[in-house]
Amino acid sequence: MPAAITLLTDFGHGDAYVGVLHGVILQIAPDARVIDLCHEVPPQDVQAGAFLLMTSYKYFPKGTVHVGIVDPGVGTQRRIAAVRAGGHTFVGPDNGLLAWAAADAGGIEEAVAVERPEYWLGGGAGPISRTFHGRDIMAPVAAHVATGVALDRLGPSINALMGELFPSVTKTTAGLAGEIVYVDRFGNCVSNLPKARARPGDSVLAGGQEIPVRNAYGEATPGHPLAVVGSAGLLEVAVANGSAAQQLGLRVGDTVLLRGQRCRRMA
Amino acid sequence: MPAAITLLTDFGHGDAYVGVLHGVILQIAPDARVIDLCHEVPPQDVQAGAFLLMTSYKYFPKGTVHVGIVDPGVGTQRRIAAVRAGGHTFVGPDNGLLAWAAADAGGIEEAVAVERPEYWLGGGAGPISRTFHGRDIMAPVAAHVATGVALDRLGPSINALMGELFPSVTKTTAGLAGEIVYVDRFGNCVSNLPKARARPGDSVLAGGQEIPVRNAYGEATPGHPLAVVGSAGLLEVAVANGSAAQQLGLRVGDTVLLRGQRCRRMA
Amino acid sequence: MPAAITLLTDFGHGDAYVGVLHGVILQIAPDARVIDLCHEVPPQDVQAGAFLLMTSYKYFPKGTVHVGIVDPGVGTQRRIAAVRAGGHTFVGPDNGLLAWAAADAGGIEEAVAVERPEYWLGGGAGPISRTFHGRDIMAPVAAHVATGVALDRLGPSINALMGELFPSVTKTTAGLAGEIVYVDRFGNCVSNLPKARARPGDSVLAGGQEIPVRNAYGEATPGHPLAVVGSAGLLEVAVANGSAAQQLGLRVGDTVLLRGQRCRRMA
């Protein structure tokens, strides 16, 4: 039984690009289960893709091969990487897309630059496109890995991935300072502040407003902001029945300051 | 061979929530076929979800496990149910989402409240989220059922599901009175009036207009309303190349009066 | 092992129509792999569907059954066809949807009109809908073919498919004249001009502008038009970070004139 393969892209559903990835994989690994993780990553938004990959891979069995294709540099000299971390394999452009997931899974166990065309579409027999490396390189390579091809056959070893680490939170006198790392399609603003640090009764400062930490969306008044631990185990700023991104003017990178009860009592 | 599993949610495709459901199921029931029924149910529109489930489950083999997740009450005390009806199993919040399908399938054969965490994500070893019971409870439970776990192991028996019955039609002196039960994304307004009652030559009264019953969309003049038996075997009000919901101001719950030829002759 | 089945439709994802196709196939061919090629073909845009099918089928194994459902004539007397070409089977309305793919695959090896209801939903036992032949005829027929039913059991042989051929390019004194055959959701305008004819240094005339041929999107200034060989091996007119369709006012059918370096030198 070959490993399962997941696909995360910014291709959308309006063309047949995703279907074609499935076809390419089917030809190489006919028994592999292929699962669509998400294909509506905002176009070329590498960080959004990195966030979705980091928060999703862990719900799949070890051994799964995760393909990420958010690739503004396709056709340029950017590298394609295949990385093993925490028993999972990640394949995609080495532009930061894979870095958060690999670190979250425990760090790189093995990583290679994908360079040998014998594992690409057509097996190296002909030229490949300049615009669709997902079809021509990443999907075929992932399919080969799912059937048991060792990473070191794909290309030379590399020591590290490009891209920033998942941002860490900082202790300040005013509280624990984090930042928005992802805005979902409802306008919920997910921060890097971990679940363990937030308790009901705390509040956060974001977009110039003090916002109470609640146990669930249902505890807030419609139209009012709240902070709540989301399904990824991270504190997020939301507006009940509304968009926090819009109402509070929040974006990825903006600061979120978590102030415990003690802080506020001292203030 | 485990049973097939279908998924119907209001998660949309913009995040990786649907993909994660597949991962969770894959870990518990690696051989189960998992089919996406629909993930674009309008957010929190329980009735739309109930309608889609009722009109779709019957095209799947008996034994299939259908998971429905349209769950505005997630994190509150609402119950999660698992129900067997007509040889199908339905799993979801007990908020009306499952009721129409279960009744349509012949009524409840067995129903339980899903309460035992040994069949949830992590097998009851740790806490689960307050915001994503689809991932943490419903998908794992469905996967266990697909592999053969009996419903009575999931929690205590219950006698009935919450929620209204599919509305029945009423005979009146003016004709057969039904109502709009679903509006699709094209603005077609599906009523509860069954196929057997409508014949070409009949007309319906909806939104203050008299509308002819036709055999097919193609029989109407573009821009003009018609009533036609749709693929679910129910009479729907449509506008050829247009939106009946918009043009006639129709919504779920509005009355549709079917007037046979005899009625009109008498009028 | 039955053949794989791909599905291409204009159903969108807002209803459960696609899920129901999967259910119908699952009942007839439980072991067949079913892959969603695309379900967001613009409603009733047969040519867009034909283009996506022609450029996608070849990435699947021979033996695959490709179902295309873009069917404005459903319920009328239009024919449903099943066609074998290049080792692939195509099933769909005979309205041009299948013609480009069949020709691209090498031409029709065998073709039939789908007429025998024993291979339809319900096996011919009862009436079928007038509005959903995808569910009631095409999906069941494709599932039967995937399990090994011969085409000649589906209905009488036919000699040709309806619909235009993929347009050919024309040599003119001004250059090679092609036309726009597909506009993708980003506004990229794909022509019928083949890869082999375009070299960097060439230019195209489209929408009244002279546009340089480049190797990759990245070589153009944002906001400026370029022509580039796309992933289907055809020259397309694009605007870096923009919509060529909108900015240049291009549509399907518009002329694109490829002028080689020699042409321009002579001019």
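These notebook entries record what I looked up in a predicted model with chains A, B and C.

**Ground rules**

I noted that residues are numbered from 1 along each chain as its sequence is written, and that chains are lettered from A and ligands numbered from 1 in the order in which they are written. Because this is a predicted model, I kept in mind that local features need pLDDT of at least 70, that side-chain atom pairs count only at pLDDT 80 or more, that totals for chains, interfaces and linings use all residues, and that side-chain values use heavy atoms, with hydrogens and water left out.

**Entry 1: the sheet of chain A**

I began with chain A, where six strands form an open sheet of mixed pairing in the order E2-E1-E3-E5-E4-E6; strands (E, at least two residues) and helices (H or I, at least four) are DSSP runs, numbered from the N terminus, and two strands pair if DSSP finds at least two bridges between them. At the edges I found E2 and strand E6 (110–113) of chain A, each with a single partner strand, so one side of each is left without a neighbour in the sheet. The twist from one strand to the next averages 20°, where axes are lines fitted to C-alpha atoms, for helices over the stretch in contact, and angles run from 0 to 180 degrees between N-to-C directions.

Within this sheet I followed strand E4 (residues 80–85) of chain A, which pairs with strand E5 (residues 88–93) of chain A in the antiparallel sense over six bridges. Opposite A:Arg84 I found A:Thr89 in E5(A).

**Entry 2: the sheet of chain C**

I then turned to chain C, where an open sheet of six strands, again with mixed pairing, has the order E2-E1-E3-E5-E4-E6. Its edge strands are E2 and strand E6 (110–113) of chain C, each of which pairs on one side only.

Here I looked at strand E1 (residues 5–9) and strand E3 (residues 65–69) of chain C, which pair in the parallel sense over five bridges, with C:His66 in E3(C) as the bridge partner of C:Thr6. Helix H1 (residues 17–28) of chain C lies across E1, E2 and E3 of chain C and runs at about 155° to E1(C).

**Entry 3: where chain A meets chain B**

I next asked how many residues each chain brings to this contact, and found 23 residues from chain A and 24 residues from chain B, contact meaning heavy atoms within 4.5 Å. The two chains bury about 2100 Å² between them, 57% of it on carbon and sulfur atoms; buried area is the accessible area (1.4 Å probe) that two parts lose on being put together, summed over both.

Between chain A and chain B I counted one salt bridge, that is, a side-chain nitrogen of Lys or Arg within 4 Å of a carboxyl oxygen of Asp or Glu. B:Asp15 forms a salt bridge with A:Arg185, and the closest N and O atoms are 3.7 Å apart. On the side of chain A that touches chain B, the elements giving two or more residues are strand E2 (34–38) and helix H2 (46–56) of chain A, and E2(A) gives the most, with four residues.

**Entry 4: where chain C meets chain A**

For the other contact of chain A I found 24 residues of chain C against 25 residues of chain A, with a buried area of about 2100 Å², of which carbon and sulfur atoms give 57%.

C:Arg185 forms a salt bridge with A:Asp15, the closest N and O atoms being 3.7 Å apart. C:Arg185 lies in the loop between strand E8 (175–183) and strand E9 (189–194) of chain C, and A:Asp15 in the loop between strand E1 (5–9) and helix H1 (17–28) of chain A, so the pair joins two chains. Over all chains, I noted, the structure holds 21 salt bridges.

**Entry 5: A:His13**

Not counting residues up to four places away in sequence, A:His13 touches A:His39, A:Glu40, B:His13, C:His13, C:Cys38 and C:Glu40. The side chain of A:His13 makes a polar contact with the side chain of A:Glu40 (2.6 Å); a polar contact is a pair of N or O atoms within 3.5 Å, and within protein one must be able to donate a hydrogen and the other to accept it, while residues adjacent in sequence count only if both atoms are side-chain atoms.
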